[in-house]
Amino acid sequence: MYSYCVFCVTVKCEMIAAAIRQKFGYTAYSPRIVQRKWVKGQCLEEVKPYLPGYVFIYTEQPIEDFRAIRIMEGVGRYLGQRDEGYRLQGEDRSFAEMLYARGGVIGIMKTYKEGDRVRLARDMLGDFEGEIIKLDKRKGRALLQYSFDGNSYKVWVGYEMIQDDGKLEIGKEIGSRE
């Protein structure tokens, strides 16, 4: 699998991803994220755009000629290096692979306790690395920090605490008002 990413005009990301899927038959996502919010004491989950401006492209064979994508209205720059065929490398590739494995949506993260710290379950992000830097137990959210495209990002993600045996701890962390 080859992973690429283009930076686009923010309001055109979904349209560009759809056009790439239709015209070239590639898998393309404008990333989304599931976020929790509380309304009148009820926890609601909403899917929202995430990393506005980025469209991730996945192919079975390397893309040899980017001109057809580059001339699409709203497409700006390619991530990656020209001498590497603009294929994503390192942490950027790991991030793209994590998105691919989740159908372009960052969902509720599974976590576990290790001593006095809460960590992401080992299979949540694949080879991609992110670190929980803050918890909001009352709202069931964790502040996740990671790097992408040479920048450091922080995002609030929903989380669920699992036991060491992989089972969900019912009522322990999510929505607890203790």
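Strands β10 (131-136) and β11 (141-148) pair in the antiparallel sense over five bridges, where strands (E, at least two residues) and helices (H or I, at least four residues) are DSSP runs numbered from the N terminus, and two strands count as paired if DSSP finds at least two bridges between them. The structure is a predicted model, in which local features need pLDDT of at least 70 and side-chain atom pairs count only at pLDDT 80 or more, while totals for chains, interfaces and linings use all residues. Residues are numbered from 1 along each chain as its sequence is written, and side-chain values use heavy atoms, with hydrogens and water left out.

Within the pairing of β10 with β11, Glu 131 stands opposite Gln 145, and the hairpin of these strands has four residues between them, with Gly 140 at a positive phi near 65 degrees. The hairpin of β11 and β12 has two residues between its strands, and there Asp 149 takes a positive phi near 55 degrees. These strands belong to an open sheet of five, ordered β9-β8-β12-β11-β10 with mixed pairing, in which β9 and β10 are the edge strands, each pairing on one side only.

| Strand pair | Bridges and sense |
|---|---|
| β8 and β9 | four bridges, antiparallel |
| β10 and β11 | five bridges, antiparallel |
| β11 and β12 | eight bridges, antiparallel |

Individual partners include Thr 111 with Leu 120 in β9, and Ser 147 with Ser 152 in β12.

The largest nonpolar core has 27 residues, and those with the most contacts inside it are Phe 56, Phe 95, Ile 106 and Phe 148; such a core is a set of buried Ala, Val, Leu, Ile, Met, Phe, Trp, Tyr and Cys residues joined through side-chain atoms within 4.5 Å. Buried means under 20% relative accessible area, with a 1.4 Å probe and protein chains only. β5, α3, β9, β11 and β12 each supply at least two residues of this core, and β12 gives the most, with five residues. Apart from it lies another core, of 16 residues, among them Tyr 4, Cys 8, Val 55 and Ile 57.

Helix α3 (90-101) has as its buried residues Asp 92, Ser 94, Phe 95, Ala 96, Met 98 and Leu 99, and these pack against β1 (2-8), β5, β7 (105-106) and β11. At 1.5 Å a residue, the twelve residues of α3 should span 16 Å, and its end C-alpha atoms are 17 Å apart, which agrees; the expected span is 1.5 Å times one less than the number of residues. After α3 comes Gly 103, whose phi is positive, near 65 degrees.

Technical notes: Buried means under 20% relative accessible area, exposed over 50%, partly exposed in between (1.4 Å probe, protein chains only). Contact means heavy atoms within 4.5 Å.
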